[in-house]
Amino acid sequence: MNIVFRPYSKSSFGLALGITVFYLSILVVVPLSALFFRSAELGYSGLLEIFSEDRIQSALLLSFGAGGIAAILNLFIGFLFAWVLVRYDFPGKKLLDSLVDLPFTLPTAVAGIALTTIYSTNGWIGRILDPYGIKIAYTPAGIVIALVFIGFPFVVRTVQPVLEELPKELEESAFCLGANRFQTFWKVLLPELWPSLLAGTSMAFARGIGEYGSVVFISGNLPGKTEILPLLIVTKLEQYEYAKATGIAILMLVLSFAIMFAVNLLQNRISRRLG
């Protein structure tokens, strides 16, 4: 019996495309359109007035600054985790691999309370640092730690499969040709890992700037000091200032999209060079 493979028909393509466009519209296009329409009530001058407020500018700088620092830290921490999980065998490896996904499954509010308990002046780590004048909870440093906690699994899970697929013969060949460990990593491994590293880091950054639950507890929410943009949006909504809340959301959306677009361009350029 001969089995003849037939390509997908145009009717099946149309059905699949229709379903895709429908769900994309419901989940993405319609909510974003409503966001822009709602903020349009303020007008151009109203939006400029919101963006010029010192409180919003401080929150903007804190959210994107802490998110950027946490993303860079996650780049190194996530890569280190992925390298250990792939390259070494040790007791408890499967347990450590499972714990990497804990920030995905743990409710963000629970994570925020746990981090605040640990890093407060009466916490396990906070009481050790307090005599030296180092405070973590209710400071920007605490926000960065919370964002690192919820973001590093993105880097691990994007880099880990790429490391597993890299044949060890590449490293062995480099050693045979006289390359040391640093040269092997820099010239052989890193070019293959850059796209996945950028992808994981950008996802960690995107998650960080919009994070609310794990940050709201450890930040202390001091206006102009430790207040983040998502908290400002919630505050405006509680005060029934919906147009201002959507205006702040649009500011976050535009800046986030611009950064992610630049990262994607860089990732595509690196992929073309490797290809």
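The following legends accompany close-up views of a predicted model.

**Figure 1**
For residues 58-84, the chain is 100% helix and 0% strand, with 38 Å between the end C-alpha atoms. For residues 137-156, the corresponding values are 85% helix and 0% strand, with the end C-alpha atoms 26 Å apart.

The largest nonpolar core contains 18 residues, of which Ile 143, Leu 147, Val 215 and Ile 228 touch the most other members. Two or more residues are supplied by each of helix H3 (54-87), helix H6 (108-119), helix H8 (140-165) and helix H11 (213-219). The greatest contribution to this core, six residues, comes from H8.

**Figure 2. Surroundings of Ile 228.**
Ile 228 is among the core residues that touch the most other members. Beyond its neighbours within four places in sequence, Ile 228 is in contact with Ala 59, Leu 62, Ser 63, Ile 143, Glu 211 and Val 215. Two of these partners, Ile 143 and Val 215, are listed with Ile 228 among the core residues touching the most other members.

**Figure 3. Ser 63 in helix H3.**
Ser 63 is located in helix H3. Its relative accessible area is 4%, under the 20% cut-off, and Ser 63 is therefore classed as buried. When neighbours within four places in sequence are set aside, the contacts of Ser 63 are Ile 209, Ile 228, Leu 229 and Pro 230. Of these, Leu 229 and Pro 230 belong to the H12 side of the packing between H3 and H12.

**Figure 4. Packing of helices H3 and H12.**
The axes of H3 and helix H12 (residues 229-238) are 8 Å apart, and the two helices pack at an angle of about 140°. On the H3 side, the residues involved are Arg 55, Ile 56, Ala 59, Leu 60, Ser 63 and Phe 64; they meet Leu 229, Pro 230 and Leu 232 of H12.

**Figure 5. Crossing of helices H9 and H10.**
Helix H9 (residues 168-176) and helix H10 (residues 181-209) have axes that come within 10 Å and cross at roughly 130°. The two helices are therefore oblique to each other. The crossing of H9 past H10 is right-handed. H9 contributes Leu 170, Glu 171, Ala 174 and Phe 175 to the contact, while H10 contributes Arg 181, Thr 184, Val 188 and Leu 189.

**Figure 6. Gly 65 in helix H3 and its separation from Thr 184.**
Gly 65 is a residue of helix H3. Gly 65 has a relative accessible area of 30% and so counts as partly exposed, a class that runs between 20% and 50%. Between Gly 65 and Thr 184 there are 33 Å in space, C-alpha to C-alpha, and the two are 119 residues apart in sequence. Thr 184 is one of the H10 residues in the contact with H9.

**Figure 7. Two tyrosines with positive phi.**
Tyr 138, although not a glycine, has a positive phi of about 65°. Tyr 138 sits in the loop between helix H7 (126-129) and H8, and is partly exposed at a relative accessible area of 45%. Tyr 240 likewise is not a glycine and has a positive phi, of about 60°. The location of Tyr 240 is the loop between H12 and helix H13 (242-274). Tyr 240 has a relative accessibility of 64%, over the 50% cut-off, and so counts as exposed.

**Figure 8. Gly 247 in helix H13.**
Gly 247 lies in helix H13 and is buried, with a relative accessible area of 0%. Setting aside neighbours within four places in sequence, Gly 247 is in contact with Ser 39, Leu 47 and Phe 51. Leu 42 is 205 residues from Gly 247 along the chain, and the C-alpha atoms of the two are separated by 8.3 Å.

Terms used
Residues are numbered from 1 along each chain as its sequence is written. This is a predicted model: local features need pLDDT of at least 70, side-chain atom pairs count only at pLDDT 80 or more; totals for chains, interfaces and linings use all residues. Side-chain values use heavy atoms; hydrogens and water are left out. A nonpolar core is a set of buried Ala, Val, Leu, Ile, Met, Phe, Trp, Tyr and Cys residues joined through side-chain atoms within 4.5 Å. Buried means under 20% relative accessible area, exposed over 50%, partly exposed in between (1.4 Å probe, protein chains only). Helices (H or I, at least four residues) and strands (E, at least two) are DSSP runs, numbered from the N terminus. Contact means heavy atoms within 4.5 Å. Axes are lines fitted to C-alpha atoms, for helices over the stretch in contact, and angles run from 0 to 180 degrees between N-to-C directions. Angles under 35 degrees count as roughly parallel, over 145 as roughly antiparallel, 65 to 115 as roughly perpendicular and the rest as oblique. A crossing is left-handed if the near helix is turned anticlockwise from the far one by less than a right angle, and right-handed if clockwise.
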